[in-house]
Amino acid sequence: MIDRSLMAHAEFEFVVLGDTHYMLDPGGRSLEFESRRKQTARADTALGLAASLRPDFIVHMGDLVQEYPETRRHEEALEKARAQLEGLGVNVFHVAGNHDVGDKLDPAMPTLPVTSESLERYRSRFGPSWYSFDRRGCHFIVVNSQILNTDLPESVSQRDWLERDLERHGRKRVFLFLHLPLFLEHPDEPCVGNYDNIGQPDRVWILDLVRRHRVEAVCAAHVHFAFLNTFGPTRIYNVPSTSFVRPGFSHLFTGPSPPEQGRDDAPKLGFNLFRVFPDRTDVHFIRTGGAVTLEEASDGAPKRLLTRNSAGLPSSPLGLTLLHPLATRTEIPIAFPSVVRQRVRNDYPMLAGQELGATAVRLPVADLDDAFQRERIRILREEGLRLTATAPASSAADLSEYVRRRPEPVDTWEIQLPGALLPSGDLGRALGGWERGTSARFALAPVLPGEIRPGKQHPRTRIGYLPGELQELNRGLADLDVCVDRVLCRVDEGEPWHAVRGVPDAGTLSHVGAVDLAVAFTSRDDVRNANCAAEALFAGVVLPGARIYFEPLIDLDRTLDVAHGLLDTSCNPRPAFHVLRTLNTALFHEPVSGAVPGGLELRGTAIRTLSVPGGFHTLITSHDRELPDLRGLTFPGISPDAPFRLYRLAEGSVQTGPLDRLLGCASGLSPPVLLTSGLPRG
């Protein structure tokens, strides 16, 4: 079901999922939300997919059932949920949730608080609700969040046990699991009347333990929504649900409400795969999309491709230009199940960048002056993404203002030249002085108004050089005796393959270290954008050292220039997102060098080729909605009997077989697709 042949070897893996909410058969009665009828099947599908990964273990983060403890059929639901998990063939560790044992101690909560009796019912079926275990030098701790801040004897016992357990194992890599989040937006956020965090004083107590023992990661669930927080060196993950989304969080997005008031926002459903390495842990979001059946595994059939995230793709040139802020926040209106406004943050753009395997971002220098944005940007840098700050400058004083004022580490300063291709004399001298005297790195990009675009009343402003301007730029820099690390070149989205191939190799530019590319989608045609994204990233293989920045990350739907991005206005992926995610891993799971490009046009279909040491890549795109039958197509020097792989880029899947059979499988698919010869070398 899942092809993991392009993944680096990890020490071990485990799955974290939760909020499956087993739903007893409601029969024909009316339901508040019709998607409740799908919950059990959605959980079945997610659990089956998780088990197919053959992880060392699964941690179920709680809320096994839709019923809650005081309902008549709660115990029946628990039994059926337990049976759902027993046949997986994988060791499952359980975390107690509010639907399993009762709500936290807060009179404003919608259901009754946890009791010793409900804890005993849970213990008799699933074992202790707090415990720990070890795997390969790592220590895993499960805490019952529902009994925190109570006067139950179990709360005292858990508190004493947790402190002793951490003292004994604190020198190991520690992972902590609990159902309720410690916080969603800030460690000091209010708790009374807030359905979605742990109350005081136990929140501060646990955070102090996390800090003192340098816990590597904390996982929580409950909110059915993905968040990523940090607390010192600790990552705090909120894992999504497999079954439904909590509706109120849709207020974070600018688009229309997803189905069922936001509850059936199926693209956000899934679970997390943790892959533990000696020096880091990679976290992969496995999307289930609300599927109610599991894909059949058969020889030669397409398999979902497990793709690398940013930390696992150091050779990737994929970058993002942040036209929108990296993160936004809002206050959710007072609405059930909370009785207070909740301030929450949209982490989906940041998480999407990591899922894509992006390794670079461009953002306005003003973001570095915003403490909120700066903290989120810091997380990206810690995940391995290079940071380019864009800063308009006309003089040496401007340059000094930017570089000296901001203590945040910036990998590259992109100096944007208003109305000019070349820096002025004093700015050029300043650039040269900085280069020789400090570690600051600089890129150049012109800001040129007056670009005429069809259908637009007013001329537009271009940021970036055209390929034909780079030699003139190089001569001007030579006259100024200035070398820059990088320049930004704008790529025509209509012909990205030819545009990129027309960019001079940096080796021919004596005063430019590398040429970066900016690719802007201007269409609301998802197939066109998918083709554009694929051709630009594919062609980027022949530009060593380049970074290829795509924009917009999120749809522009209410400006003078509208365009679909990699994510829609609910921050769910569009086809171009999956095309880049899949192609990025397929091309750059290991360093690429010595690529020789080629290609042909065949019956309206563009076939781009790259010959690389030990393999052959073919990208097939088309302006039609479906690819034609290309059976019989051959490539010079490539045996049709050699093993081939067909990547259905927008689906994120791969299948293997002889060339002609795979070409037949490609017929009728939505473009683009990738064909590679030879077996994976990852």
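Asn149 is partly exposed, with a relative accessible area of 21%; buried here means under 20% relative accessible area, exposed over 50%, and partly exposed in between (1.4 Å probe, protein chains only). The model is predicted, so local features need pLDDT of at least 70 and side-chain atom pairs count only at pLDDT 80 or more, whereas totals for chains, interfaces and linings use all residues. Residues are numbered from 1 along each chain as its sequence is written, and side-chain values use heavy atoms, with hydrogens and water left out.

Asn149 is not a glycine, yet its phi is positive, at about 65°. The residue is found in the loop between strand 6 (138–142) and helix 5 (153–169); helices (H or I, at least four residues) and strands (E, at least two) are DSSP runs numbered from the N terminus. Glu260, also not a glycine, has a positive phi of about 55°. Glu260 lies in the loop that runs between strand 10 (234–238) and strand 11 (270–276), and is partly exposed, with a relative accessible area of 23%.

Pro552 belongs to the loop between strand 24 (548–551) and helix 14.

A further loop, between strand 12 (281–287) and strand 13 (303–305), holds Thr288. Thr288 is buried, its relative accessible area being 10%. Neighbours within four places in sequence left aside, Thr288 is in contact (heavy atoms within 4.5 Å) with Ala46, Leu49, Thr242, Leu269, Gly270 and Phe271.

Two helix pairs are described by their axes, which are lines fitted to C-alpha atoms over the stretch in contact, with angles from 0 to 180 degrees between N-to-C directions. The axes of helix 2 (residues 74–86) and helix 4 (residues 116–126) come within 11 Å and cross at roughly 25°. Helix 2 and helix 4 are therefore roughly parallel to each other; angles under 35 degrees count as roughly parallel, over 145 as roughly antiparallel, 65 to 115 as roughly perpendicular and the rest as oblique. Glu75, Leu78, Glu79 and Arg82 of helix 2 make this contact with Arg121, Arg125 and Phe126 of helix 4. These residues divide into 2 nonpolar, no polar and 5 charged (nonpolar: Ala, Val, Leu, Ile, Met, Phe, Trp, Tyr, Cys and Pro; charged: Asp, Glu, Lys and Arg; polar: the others, Gly among them).

The axes of helix 7 (residues 348–356) and helix 14 (residues 575–588) come within 9 Å, with a crossing at roughly 40°. Helix 7 is thus oblique to helix 14. Ala352, Glu355 and Leu356 of helix 7 meet Phe577, Leu580, Arg581 and Asn584 of helix 14, and the residues of this contact comprise 4 nonpolar, 1 polar and 2 charged.

Phe177 touches Phe14, Val16, Val59, Met61, Val95, Phe140, Ile141, Val142, Val143 and Cys219, when residues up to four places away in sequence are not counted.
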